[in-house]
Amino acid sequence: MREKVIMAAEDVRRALVRIAHEVVERNRGVEDVLFVGILTRGLPMARRLSGHIREFEGVETPVGSLDIGLYRDDVGRGLGAVYTVRKTDISFNLDGKRVVLVDDVLFTGRSIRAAMDALMDFGRPQSIQLAVLVDRGFRELPIRPDYVGKNVPTSLAEQVRVRLAEVDDEDIVVIREDEEAKAKAPGGDL
């Protein structure tokens with residue numbers, strides 16, 4: 001598979017700083033704002049957003065992690081989804097809070113639907129906002145992000161991969177073209 005860099009480390013940093021500023025502006029400060037990162041790469045992004053807000057607002061915003069595996073609609077449906085349960089860590093009360101759900105890539109919207117279902121098991125937030133580093137389109141559910149690092153038009157034969165230093169030892173976003181998927185896609189080479 002070929003890879004094309006669409007965001008270098010500095011692009012990722014700038015996007016997260018901008019999103020942090022947008023969260024503060026939209027919420028008129030950060031009182032009652034909490035970040036919840038979807039495992040795996042949403043958590044380090046949530047921590048970075050909280051860190052940026054601490055730098056320019058001097059306020060600590062709580063950060064939690066959310067494992068959505070058991071809420072996914074493909075688990076147990078024979079769709080090839082094999083899942084290892086990871087630890088959700090939401091050690092604060094969500095009731096009446098403004099939760100900013102953080103994920104790396106928004107595609108069909110199904111992961112976000114699963115995340116919202118999971119969050120509701122922890123309380124009743126005042127609102128749930130969505131922050132993503134990359135929005136690649138192709139939504140299957142009526143879900144739209146509130147904060148986007150970069151909108152990236154893609155084809156179904158492409159994959160967007162976010163790599164973060166905390167998980168992958170580097171900050172970079174790439175598009176990978178899957179030659180096999182491209183051949184099977186409508187209008188692709190057969």
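Modeller: Let us begin with what pairing means, since the sheets rest on it: two strands pair if DSSP finds at least two bridges between them. Please keep in mind throughout that this is a predicted model.

Colleague: With that in hand, what is the order of the strands in the open sheet of five strands?

Modeller: The order is S3-S2-S4-S5-S6, and the pairing is parallel. Strand S3 (63–66) and strand S6 (147–151) are the edge strands, each of which pairs on one side only, and neighbouring strands are turned by 25° against each other on average, direction ignored. Within this sheet, strand S4 (residues 98–106) and strand S5 (residues 127–135) run parallel and are joined by eight bridges, and Asp-103 stands opposite Val-132 in S5.

Colleague: Which strands form the open sheet with antiparallel pairing?

Modeller: That sheet is made of three strands in the order S1-S8-S7, with strand S1 (2–7) and strand S7 (158–163) at the edges, each pairing on one side only. From one strand to the next, the twist averages 30°. S7 pairs with strand S8 (residues 172–177) in the antiparallel sense over six bridges, and Glu-158 has Glu-177 in S8 as its bridge partner.

Colleague: Turning to the backbone, which residues are joined by a cis peptide bond?

Modeller: The cis bond joins Leu-39 and Thr-40, with omega at about 20°, and Thr-40 has its place in the loop between S2 and H2.

Colleague: What is the phi of Arg-28, and is this residue buried or exposed?

Modeller: Phi of Arg-28 is near 50°, a positive value in a residue other than glycine, and this arginine is found in the loop between H1 and S2. Arg-28 is exposed, because its relative accessible area is 80% and the cut-off for that class is over 50%. Asp-32, which lies in the loop between H1 and S2, has a positive phi of about 70° although it is not a glycine, and at 32% relative accessibility Asp-32 counts as partly exposed.

Colleague: Finally, how many salt bridges does a search of the whole structure find?

Modeller: Side chains of opposite charge can pair when their charged atoms come close. The search finds 16 salt bridges. In one of them the side chains of Asp-146 and Arg-26 meet at 2.7 Å, N to O; Asp-146 lies in the loop between S5 and S6 and Arg-26 in helix H1, so the pair ties together parts that are 120 residues apart in sequence. Asp-146 is partly exposed, with a relative accessible area of 28%, and Arg-26 is partly exposed as well, at 47%.

Colleague: Which residue meets Arg-48 in a salt bridge, and is Arg-48 buried or exposed?

Modeller: The side chain of Arg-48 meets that of Asp-171 at 2.8 Å, N to O. This pair links distant parts of the chain, with Arg-48 in helix H2 and Asp-171 in the loop between helix H4 (165–168) and S8, 123 residues apart. Arg-48 is buried, with a relative accessible area of 17%. Elsewhere, salt bridges that share partners join Glu-10, Asp-11, Arg-13 and Arg-14 into one network.

Key
Residues numbered from 1 in each chain as written. Heavy atoms only, no water. Helix = DSSP H or I, 4+ residues; strand = E, 2+ residues; numbered from the N terminus. Axes fitted to C-alpha atoms, helices over the stretch in contact; angles between N-to-C directions. Buried < 20%, exposed > 50% of the residue type's maximum accessible area, 1.4 Å probe, protein only. Salt bridge = Lys/Arg side-chain N within 4 Å of Asp/Glu carboxyl O.
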